[in-house]
Amino acid sequence: MKNYMLKYLKGPLFIVVCFVLGLASCSKDDYYRDGGKAQAKFNGDILQFLESKPREFDSVAQIIKIAGLEDVFKKENITFFAPNDRVIKETIKTLNPYLYALYKDTIKNFNDINPEIWRKFMLRYVFKGEIKLADVPQIDLAVLPIYPGQNYLSYEGAVYNMGVIYNEANGVKYMGYRQLILSYVPDVSKPKDNWVINYMSSSDIQPNNGVVHTLIYNGTWFGIDDMGFINDVVRSK
C-alpha cells in the first residue's frame, strides 16, 4: 500500500509523505518492539503507581498492605519487579487443592495467609536502590561464560541473576532491541543451573521513590521459586 501511494506522488509532496511515513515507522518500532526504552515518569510513589493500575496490580497492592510493606513501597528507594495479578490468581488456584487434600482450610481471601509469608515472598521481587535497564550488563543464555549478566541479592536475601538480552535485528546479532530478564537462582552452590527466568513486558517506569519493571506472566507461581510459597502456606495451616 505504501509503495502504491508513493508511485503517484511527485516533488515536495513526495518528500513530506516519505518523512511522515518514516516517523510513523520509527514510532511503531519503538512502541511495539522495545519496552526497555520507555522511561515513563510517574508522579507518586511505587504503591500509588500500582494502585493506579488496578486491572494489572490490584491484588499485588492489597498484599503489600497485608504484609505490612507500605513504608517500603512508599518511602524507601527500591527497584520492584512487579508481578501482575494473574500470578496471584494462578498460585491460589494451585494452592487450594493441596490444602483441600490435606483437610486444611482453603484460601478464600488474602487475609487467610500469614502476613509474614506474603512479606517474605513479595520481597523477593524487591531490590534496594534503583536498578535501570542501562545499569544491567548483557546476558546471552546460549553463551553465559561470555555474557553472564550479574548476580544480585533481593531485599530479603534471595539470589537472582539480572541481564539484558540484546536481540537480533535484520540478521545482525546483538543489534536489536534490548530486554531485561530476572532469573531466580535456586542453588547458589550451582549458580548457573536451573534458573527460573522471568522476562519484562516494560522497563524503567520511574515513580518518585525508585524503579518498576513489570514481569510477563510465564506460568511460574508467586515468589518465583516454584513451590516455595505453596509449601510455606501448607505448613502454616
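Me: What makes strand S1 (residues 78–82) and strand S7 (residues 210–215) a pair in this predicted model?

Reply: Five bridges join S1 to S7, and the two strands run parallel. Pairing asks for at least two bridges between two strands, so S1 and S7 count as paired. Two of the partners can be named: Ala 82 has Thr 214 as its bridge partner in S7, and Ile 78 stands opposite Gly 210.

Me: And how do you know that S1 pairs with S2 too, and in which sense?

Reply: The same test works here. S1 and S2 share three bridges, and the cut-off is at least two, so this is a pair as well, in the antiparallel sense. Ile 78 takes part again: its bridge partner in S2 is Lys 128.

Me: Happy with that. Why are S2 (126–128) and S3 (150–153) called edge strands?

Reply: Follow the order of the open sheet, S2-S1-S7-S6-S5-S4-S3. S2 and S3 stand at its two ends, and each pairs on one side only. That is what makes them the edge strands. The sheet has seven strands, with mixed pairing, and its neighbouring strands are turned by 30 degrees against each other on average, direction ignored.

Me: Let's turn to the cavity. Why is that space called a cavity and not a pocket?

Reply: In a cavity, a 1.4 Å probe fits but cannot get out, whereas a pocket is open. The structure holds one cavity of 30 Å³ or more, and about 90 Å³ of space lies in the largest cavity. Among its lining residues are Pro 83, Asn 84, Tyr 125, Leu 215 and Trp 221.

Me: And what makes eight of the lining residues nonpolar?

Reply: Pro, Tyr, Leu and Trp are among the types that count as nonpolar, so Pro 83, Tyr 125, Leu 215 and Trp 221 belong to that class. Asn 84 counts as polar. The lining has eight nonpolar, four polar and no charged residues.

Terms used. Residues are numbered from 1 along each chain as its sequence is written. This is a predicted model: local features need pLDDT of at least 70, side-chain atom pairs count only at pLDDT 80 or more; totals for chains, interfaces and linings use all residues. Side-chain values use heavy atoms; hydrogens and water are left out. On a 1 Å grid over the protein atoms alone, a cavity is a set of points where a 1.4 Å probe fits but cannot get out, and a pocket is an open set with protein on both sides within 12 Å along at least five of seven lines; lining residues have an atom within 4 Å of a point. Grid points are joined across faces, edges and corners, and a volume is the space filled by probe spheres set on the points. Helices (H or I, at least four residues) and strands (E, at least two) are DSSP runs, numbered from the N terminus. Axes are lines fitted to C-alpha atoms, for helices over the stretch in contact, and angles run from 0 to 180 degrees between N-to-C directions.
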